[in-house]
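Student: Please take one part of this structure and go through it closely. I want the links between side chains first, then the strands.

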Amino acid sequence: GNVFEQTCTKTGEFSVPETCKAVNCGVPPRVAFAETAQSTTVQFPGAAHYQCKPGYTIAGKPTPEHQDFSLRCLKTGKFQALPAELQEERACKPVVCGKAPELKHGSQTTKDVLKYDDDVFYECATGYTVDGTVFGDKRWRTRCTATGKIDKMFTCQLIALVVQGEVRDVTDNKAVEGAKVVLESTLTGEAYSTKTDVHGRYIFQEAPTGRVTLKVSKGQMVNAARTMTLSEDRFVPDVYLSPVLPSDGWRVELTWGSQPKDLDAHFICGACHLSHLNQRINCKPYKLQMALDIDAHAGRGPETVTLMNVGASTRKGNCRFEVVNYSKSPGLKSRSDAVVTVFNSGGKVKEYRLGSAGTITGETWEVFQFDPKDGKLL
């Protein structure tokens, strides 16, 4: 007990007194995610001193005053109660960083509140990287640090490519100056605009990646559009504009890739045979003026046929437009990039692609038939 007595012995001296010893509270209690320097028992009025491990505090707040706490050894032989914030879980709480930052132009694995050592994975959307370059990083991992802050965060920058090309007149292959060229991103809907110079050239210094549409327009010419996928700097093949036609005019445009070198356009109405051998014909039986405007023989084209006085004929007839592979090799059946586009005064009428329209016999592609009396594709 806490009370003791001393007696007077027969020798006239008091008995040896007992010694009062400090109450022993034992080994300090364990607190998860906390450390204490005391590894042995603690006696009254001593105390066990704790420090929450890095990334943990008493209330989850990343401040030094919430890092340390002590438990005094009471005279009852028990340690005082834990701080109220620790009593339920008997553990220091992880530091809270708040909600995961939202990423514009990208996605993330969570938008929830982050606690110490929680991580989030971010990824930029198609057409975006961290530094706006084609080969820039698209993905990264970030985590909640012991300071209560996210360790690293980036933004997603639109990838900027250099895209350039030329605009030409389909009837004479001359440069078209002052044409409006618009590059529109399918992904974002953003549009970039410029105009061609005296040489018909245009350039976009910060073009987006991914699927885009190139739109070209100029007064008194038929608008043109081309859809493509951009993944690197590139020179776009020439865009050809067709001058607006009168009410009795039709035009046929042939374009293709770099091979074969020479595809020839032929327009045949009875005995009237328009080709590179006979490039201007007054086809009297059908009252047609026929002209081969351009004869290309270095790949890509265009070759252009213009018809005037369509509808003046009183005679019906089955005229036809053919493409002949003058180069022979590579063969027509091995290619799929030749395109024939037909225009009249109302603009673009129809487009035919090699392999999906018309018939191929040997190295001749019969594309379509035409009625010059009624002005109709057959």
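Tutor: Start with Cys20. This is a predicted model, and in it the sulfur of Cys20 is 16 Å from the closest cysteine sulfur. That closest sulfur belongs to Cys73. The gap is too far for a bond, because a disulfide needs two cysteine sulfur atoms within 2.5 Å. Cys20 has a relative accessible area of 65%, so it is exposed. Cys8 is exposed too, with a relative accessible area of 59%. Both values pass the cut-off, since exposed means over 50%.

Now the cysteines that do bond. The structure holds six disulfides. Count the bonded cysteines along the chain, and the pattern reads 1-3, 2-4, 5-7, 6-8, 9-12, 10-11.

Cys73, the closest cysteine to Cys20 by sulfur, has a partner in Cys25. The sulfur atoms of Cys25 and Cys73 are 1.9 Å apart. The link is right-handed, with 90 degrees about the S-S bond. It joins distant parts of the chain, 48 residues apart. Cys25 sits in strand E1 (residues 24-26). Cys73 sits in the loop between strand E6 (68-72) and helix H1 (84-87). Cys25 and Cys73 are both buried.

Next, take Cys97 and Cys144. Their sulfur atoms lie 2.0 Å apart and form a disulfide. The torsion about this S-S bond is about 85 degrees, so the disulfide is right-handed. This pair also links distant parts of the chain, 47 residues apart. Cys97 is in strand E8 (residues 96-99). Cys144 is in the loop between strand E13 (139-143) and strand E14 (157-158). Both Cys97 and Cys144 are buried.

A further disulfide joins Cys272 to Cys283, S to S 2.2 Å. Its torsion is about 90 degrees, so it is right-handed. Cys272 lies in strand E26 (residues 272-274) and Cys283 in strand E27 (residues 280-283), so the pair ties together parts that are 11 residues apart in sequence. Cys272 has 10% relative accessibility and counts as buried. Cys283 is buried with a relative accessible area of 0%.

Turn to charged pairs. The structure holds 16 salt bridges. Consider Arg168. Its side chain meets that of Glu166 in a salt bridge, 2.9 Å from N to O. Arg168 and Glu166 are both buried. Arg168 also forms a salt bridge with Asp238, the closest N and O atoms being 3.7 Å apart. Arg168 is in strand E15 (residues 161-169), while Asp238 is in the loop between strand E22 (234-235) and strand E23 (239-243), so this pair ties together parts 70 residues apart in sequence. Asp238 is partly exposed, at a relative accessible area of 22%.

Lys316 and Asp371 make another salt bridge, with the closest N and O atoms 2.8 Å apart. This one links distant parts as well, 55 residues apart. Lys316 is in the loop between strand E29 (303-308) and strand E30 (319-325). Asp371 is in strand E34 (residues 364-371). Here the two partners fall on opposite sides of the cut-offs. Lys316 is exposed at 55% relative accessibility, whereas Asp371 is buried at 3%. Back at Arg168, shared partners join Glu166, Arg168, Arg201 and Asp238 into one network of salt bridges.

Last, the strands. An open sheet of four strands runs in the order E17-E16-E19-E21, with antiparallel pairing. Strand E17 (191-195) and strand E21 (224-230) stand at the edges, each with a single partner strand, so one side of each has no neighbour in the sheet. Neighbouring strands of this sheet are turned by 20 degrees against each other on average, direction ignored. Strand E16 (residues 180-185) pairs with E17 over five bridges. In that pairing, Lys180 stands opposite Lys195 in E17.

Elsewhere, strand E31 (residues 339-344) pairs with strand E32 (residues 347-353) over six bridges, again in the antiparallel sense. A hairpin of two residues joins E31 to E32. Val339 has Arg353 in E32 as its bridge partner.

Technical notes:
Residues are numbered from 1 along each chain as its sequence is written. This is a predicted model: local features need pLDDT of at least 70, side-chain atom pairs count only at pLDDT 80 or more; totals for chains, interfaces and linings use all residues. Side-chain values use heavy atoms; hydrogens and water are left out. A salt bridge is a side-chain nitrogen of Lys or Arg within 4 Å of a carboxyl oxygen of Asp or Glu. Buried means under 20% relative accessible area, exposed over 50%, partly exposed in between (1.4 Å probe, protein chains only). Two strands pair if DSSP finds at least two bridges between them. Axes are lines fitted to C-alpha atoms, for helices over the stretch in contact, and angles run from 0 to 180 degrees between N-to-C directions.
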